[in-house]
2 protein chains.
Amino acid sequence: MCVEKTPWEQVIDFHGHTCPEISIGYRVAQIATRELGIRPAPSSELVVTAYTHSCALDAFQVLNRATYGRGNLRVEEKQQHVYHFQYTGTSEGLQISIQAELLDHLVKDHDQMTTREKQNSYLEAIQYILGTEETLFCTIQKL
Amino acid sequence: MCVEKTPWEQVIDFHGHTCPEISIGYRVAQIATRELGIRPAPSSELVVTAYTHSCALDAFQVLNRATYGRGNLRVEEKQQHVYHFQYTGTSEGLQISIQAELLDHLVKDHDQMTTREKQNSYLEAIQYILGTEETLFCTIQKL
């Protein structure tokens, strides 16, 4: 039997591992897809700008088709989990900002943990990122 | 019936269009896979450094599993189609340099062409990149 990969499987296969930051990217990419709606014109390209470099970027490459090679995935380093989406040829953009409280929740001192404890801490963080209410995850602005 | 995508289809699906530079990346990625052989240790990561930013990068993301998000695909801009591959924890790297004559062959003045002429010129370049003898395509060095 042939079963198509889920979007989550596609992202994790491409990225190569499961971690909290790819989970943030996965959820942001899904919200962006929902909020952006249909492409305004066939020639219009979605440009994604991330205000920090992290594993999250790989989710936009797979789910929003904004790839590093093609040049429509960009990073402006401000150490902020804020992501901006805009179709070329349009004036309105979409900005998704991860809640500071959610990021605080992820900060753990991994140095003093065993590998097993680290894995459990990661798993808990991923479940929280993917499962928490959307208003606790991010704010969405049309700019 | 379920038919798995070919490596070429995987790359083009991810990249979003067919062009000469993604074809260069595709062929380089395939040569690197052959030359690098097996991963030296399970924890070892392949790091790809490109000496120019172009569409070619997306092929390394798909075929060599060196992604921009994970940070093992890097660009040091020198305007050269030279690509360096190295597993972490090893001292030997692999460098693949595209032949200058091949790049000269690709330079066309597209501004004065019709869309159809441009498409034909692209297709011809892609066929040349993928089909030309390997010694005319690149030089391979173990460093």
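**Group meeting: a two-chain predicted model**

Let me begin with Gln79(A), which lies in the loop between strand E2 (73–75) and E3 of chain A, where helices (H or I, at least four residues) and strands (E, at least two) are DSSP runs numbered from the N terminus. Gln79(A) has a positive phi of about 55 degrees although it is not a glycine, and with a relative accessible area of 65% it is exposed; here buried means under 20% relative accessible area, exposed over 50% and partly exposed in between, with a 1.4 Å probe and protein chains only.

This is a predicted model, in which local features need pLDDT of at least 70 and side-chain atom pairs count only at pLDDT 80 or more, while totals for chains, interfaces and linings use all residues. Residues are numbered from 1 along each chain as its sequence is written, chains are lettered from A and ligands numbered from 1 in the order in which they are written, and side-chain values use heavy atoms, with hydrogens and water left out.

In chain B, Arg65(B) also deserves a look: its phi is near 60 degrees, a positive value in a residue other than glycine, and Arg65(B) is found in the loop between H3 and strand E2 (73–75) of chain B. At 41% relative accessibility, Arg65(B) counts as partly exposed.

How are the two copies related? A rotation of 180 degrees with 0.0 Å of shift along its axis superposes chain A on chain B, with an RMSD of 0.0 Å, and the copies are thus related as by a two-fold rotation axis; the superposition is by least squares on the C-alpha atoms of residues with pLDDT of at least 70 in both. Of the residues of chain A, Cys2(A) comes closest to that axis, at 3.0 Å for its C-alpha.

Now the rings. There are eight aromatic pairs over all chains, a pair being rings of Phe, Tyr and Trp (its six-membered ring) with centres within 6.5 Å, and planes under 30 degrees apart counting as stacked, over 60 as edge-to-face and the rest as tilted. One of them, Phe60(A) with Tyr83(A), is tilted, at 5.1 Å centre to centre and 55 degrees between the planes. Because Phe60(A) lies in helix H3 (residues 57–63) of chain A and Tyr83(A) in strand E3 (residues 82–87) of chain A, the pair ties together parts that are 23 residues apart in sequence. Phe60(A) is buried at a relative accessible area of 0%, Tyr83(A) is likewise buried at 0%, and Phe60(A), Tyr83(A) and Phe85(A) form one aromatic cluster.

Tyr83(A) also touches Gln95(A), a residue of strand E4 (residues 94–98) of chain A that counts as buried at 16% relative accessibility. Leaving aside neighbours within four places in sequence, the contacts of Gln95(A), meaning heavy atoms within 4.5 Å, include Tyr51(A), His84(A) and Leu143(A).
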